[in-house]
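Please keep the structure in view while reading.

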Amino acid sequence: MSILQAKEVKKHYGEDENLVKALDGVSITIMPGEFVSIVGASGSGKSTLLHMLGGLDNPTSGSVEIGGQDISQLSDDKLTVFRRRQIGFVFQNYNLVPILNVFENIVLPVELDGKKVERDYIDRIISLLGLESKLNSLPSNLSGGQQQRVAIARALATKPSILLADEPTGNLDSHTSMDVLNLLQMTNRQFSQTVVMITHNDEIANLADRKLHMADGRIMQPLEAKYCGRQNMRMGAWA
């Protein structure tokens with residue numbers, strides 16, 4: 001059974017001669033534990049699609065189901081709770097809270113949900129991402145790569161059904177970008193975490209298990225599969 005399914009999702013802006021079809025009937029199915037990349041040029045609709053998949057925006061038509069739940073049918077309040085519990089987000093700009101230290105940033109979504117922090121699980125994430133020595137540091141004292149590690153840890157803290165990464169290496173140099181991608185692959189393997197990553201970089205997209213191409217608001221090659229991510233993973237210090 002799929003963990004995520006989009007059915008004929010459309011997102012249109014304007015009307016008549018000003019009509020813009022940001023998404024023009026996108027259908028995808030993602031299975032539990034998959035690492036899927038969606039690649040496309042700027043303006044292809046990939047970020048718009050990610051917003052639909054994560055419930056950050058509503059489609060003009062079509063539906064998005066996560067774990068069998070049609071999120072387009074949820075009220076704003078219920079959707080907010082659903083996102084917090086079921087979807088982890090990793091953004092290009094990290095979106096860390098500047099006045100909270102690393103540990104506080106990581107556990108923030110758990111505490112916002114009124115749940116008890118599972119220290120064994122959180123400690124495992126912290127260890128996996130190599131953040132043990134940075135727990136008391138503020139985001140301003142971290143490098144870009146370290147901040148993105150914290151963002152990944154925070155996204156995993158609630159044990160989400162799916163992790164959505166929007167250009168997670170966009171602000172990083174090539175070496176740090178590879179480190180972050182290795183970490184995403186590692187979390188995918190260690191936690192059987194379903195990951196969907198948006199990128200404009202075809203080389204980066206090839207590191208996923210399956211790569212989808214977008215252009216003009218459509219998935220152009222929905223059946224293309226590249227089972228090369230784990231074989232190409234540069235383990236380095238994470239082995």
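Helices (H or I, at least four residues) and strands (E, at least two) are DSSP runs, numbered from the N terminus. By this definition, the protein contains 8 helices and 10 strands. This is a predicted model, in which local features need pLDDT of at least 70 and side-chain atom pairs count only at pLDDT 80 or more, while totals for chains, interfaces and linings use all residues. Residues are numbered from 1 along each chain as its sequence is written, and side-chain values use heavy atoms, with hydrogens and water left out.

Consider next the overall form. The C-alpha trace spans about 55 × 40 × 35 Å along its principal axes. The radius of gyration is taken over C-alpha atoms, and the globule rule is 2.2 Å times the number of residues to the power 0.38. For 239 residues, a compact globule would have a value near 18 Å, and the 17 Å of the protein agrees with this. Of the 239 residues, 52% are buried, that is, under 20% relative accessible area with a 1.4 Å probe, counting protein chains only.

What empty space is left inside? Rolling a probe the size of a water molecule over the atoms shows where empty space is left. On a 1 Å grid over the protein atoms alone, a cavity is a set of points where a 1.4 Å probe fits but cannot get out, and lining residues have an atom within 4 Å of a point. The structure holds 1 cavity of 30 Å³ or more. Among the residues lining the largest cavity are Met52, Asp57, Val64 and Leu79.

Technical notes. On a 1 Å grid over the protein atoms alone, a cavity is a set of points where a 1.4 Å probe fits but cannot get out, and a pocket is an open set with protein on both sides within 12 Å along at least five of seven lines; lining residues have an atom within 4 Å of a point. Grid points are joined across faces, edges and corners, and a volume is the space filled by probe spheres set on the points. Buried means under 20% relative accessible area, exposed over 50%, partly exposed in between (1.4 Å probe, protein chains only).
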